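Here's a quick briefing to read with the model open beside you. Take it topic by topic and find each piece as you go.

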Amino acid sequence: MTNGNSAIPGRNVVVVGTQWGDEGKGKLVDWLTESAQGVVRFQGGHNAGHTLVINGVKTALHLIPSGIMRPGVKCYVGNGVVLSVGKLLEEIGGLEAAQVEVRSRLRVSEACPLILPFHAALDVAREAAKEKAGTDKIGTTGRGIGPAYEDKVARRALRVQDLKYPERFAAKLRDLIAYYNTQLAALDAAQVDWSMVPWLKDQPLSVFVEKGQVQFDPLLAQVLQQAEQLRPMIADVSRELNDANRTGANLLFEGAQGTLLDIDHGTYPFVTSSNCVAGNAAAGSGVGPGLLHYVLGITKAYCTRVGGGPFPTELDWQTEGTPGWHMATVGAEKGVTTGRSRRCGWFDAALLKRSAQVNGLTGLCITKLDVLDGLAELKLCVGYQLDGERVDILPMGADEIARCEPIYETLPGWSDSSVGVTRYEDLPRHAQQYLRRIEETTGVPIHVISTSPDRDHTILLRHPFQ
Ligand code: GDP
């Protein structure tokens, strides 16, 4: 769906998760990519995890935009992403093994801060120290994303562009390692058993960490070798995106995580280290906000959350036969990146109001509606009791949210199947009623509905690229 006229600039769409991530963005991004010539990641790192099902085959991507699965589409990693070059090369290798051409189509911003093994080491050592002290863990994925963002804000990060100058890189790396080794020593990292970290099995940290201290020589050698492979893909992504758009390319900005995990607007401190909201599609890639023409909020028909943090509409999702258990099992609610079970709960319209507000949502895409098939009744949260007062929008910050008592409306469920339905009028009558109520209570129109993991099982009411 290019406009076919290179004198007319392309149309750009931002896709964001409106809840706590795992809303099913991967399927929608893949589907929307049919209408785009470029797909852009603008925040997060390899802690994201999209699952795509293409021709019945499941593929998980953590860093590379899922648009890579479509020949001819360009993929961009914007400056807002923190980059592990090792993980990127691993992902490229996996795609190439599946006959997907990557290197000529992937552009990586020279302004991306790098994630290096000592970032992961600090993440793991901090969580281990918290566990030892019996204090609350943040529940990070242990991949070094948080420490890499800390370095960026503290202006000491190594960035992709440093890789172009090995001597400069080596000098900065030496300083940064010295800084990290002080931190690791303070956390008694020599006592950490790195082999206990599941995701480290395939890339042992012990190669770089000896007695809790990061070793300069093996690390430098590895990074410089990786840099050689990355070099042809390093680009001024901001410039390339602006040029492409000016000459007619439609761009799709692919958010990772979800709005309630946003560092500013989420359930702080149980959040991720970056801004996940739509506005960061501009800052995190180097286009002006005026180029973000449409914001699609991907919204699960119920709620899920991985890891710790408040969740007002949470249900018991472990007891067989309960609605929460139904969501967890029928919805297969397990994390792609971590394999952790997701907590499940009723749809929260008051939370969605917050999301709509901070993202400027143009339309909603409701996913996993089919998972609710067979529930006798559904509850929908329309506000909360907080300290004796009624509030109709999710408050800011974890402490307030933890004190919220949800106020529910009850709606009838449906027993007919909605799996694979592609026309709105073919949905069960009560499913239509549920969707209408979501629109009324959130104040955002529904433009797309997903009724199975398959990309063709989608109801289109308004196309974001038109
Ligand atoms: P993302 O990170 O937001 O892309 O979400 P995930 O990929 O972690 O989780 C979405 C999961 O739900 C994937 O396994 C999808 O294949 C699946 N999925 C997406 N849309 C639908 C849908 O409409 N119905 C069902 N049943 N599953 C879906």
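Strand β19 (residues 446–450) and β20 (residues 458–460) pair in the antiparallel sense over three bridges; two strands count as paired if DSSP finds at least two bridges between them. Helices (H or I, at least four residues) and strands (E, at least two) are DSSP runs, numbered from the N terminus.

Two ground rules before we go on. Residues are numbered from 1 along each chain as its sequence is written. This is a predicted model, so local features need pLDDT of at least 70 and side-chain atom pairs count only at pLDDT 80 or more, while totals for chains, interfaces and linings use all residues.

**The whole chain**

- The protein chain has 12 helices and 20 strands.
- For 466 residues, a compact globule would have a radius of gyration near 23 Å, and the protein chain has 22 Å, which agrees. That radius is taken over C-alpha atoms, and the globule rule is 2.2 Å times the number of residues to the power 0.38.
- Along the principal axes, the C-alpha atoms of the protein chain fill a box of roughly 65 × 60 × 40 Å.
- Buried residues make up 50% of the 466 residues. A residue is buried if 20 or more other C-beta atoms lie within 10 Å of its own, exposed if 12 or fewer, and partly exposed in between, with C-beta atoms placed from the backbone.
- Take the contacts between residues at least 6 apart in sequence: 76% of them join residues at least 24 apart. A contact here means that the C-beta atoms of two residues, placed from the backbone, lie within 7 Å.

**The sheet**

- In what order do the 10 strands of the open sheet come? The order is β9-β6-β5-β2-β10-β1-β11-β15-β19-β20, and the pairing is mixed.
- The edge strands are β9 (234–235) and β20, each of which pairs on one side only.
- Strands β2 (residues 38–41) and β10 (residues 251–254) run parallel and share four bridges. Within that pair, Gly-38 has Leu-251 of β10 as its bridge partner.
- Five bridges join β11 to β15, and these two run parallel. Three bridges join β15 to β19, also in parallel.
- Cys-365 in β15 has Ile-298 standing opposite, and its bridge partner in β19 is Val-448.
- Four of the five residues of β15 (residues 363–367) are buried, so this strand is largely enclosed by the rest of the structure. As for β19, five of its five residues are buried.

**Helix α10**

- Nine of the 11 residues of α10 (residues 349–359) are buried, so the helix is largely enclosed by the rest of the structure.
- The buried ones include Leu-351, Leu-352, Arg-354 and Val-358.
- What covers them includes β1 (12–17), β11 (294–300), β14 (347–348), β16 (377–386) and α12 (429–442).

**The nonpolar core**

- How many residues does the largest nonpolar core have? It has 127, and those with the most contacts inside it are Val-15, Leu-83, Ala-121 and Leu-252. Such a core is a set of buried Ala, Val, Leu, Ile, Met, Phe, Trp, Tyr and Cys residues joined through C-beta atoms within 7 Å.
- Helix α3 (residues 117–133) gives the most to this core, with seven residues.
- Leaving aside neighbours within four places in sequence, Leu-252 is in contact with residues including Val-13, Val-15, Val-29 and Leu-32.

**Around the ligand**

- Of the 21 residues around the ligand, Gly-24, Lys-25, Gly-26, Ser-450 and Pro-453 come nearest. To be near, a residue needs its C-beta atom, placed from the backbone, within 6 Å.
- The elements that give two or more residues to this shell are α1 (25–32) and β3 (50–54).

- The peptide bond from Tyr-268 to Pro-269 is cis, with omega near 10°. Pro-269 lies in the loop between β10 and α8 (280–283).
- Lys-211 has a positive phi of about 45° although it is not a glycine. Is Lys-211 buried or exposed? With 10 other C-beta atoms within 10 Å, Lys-211 is exposed.
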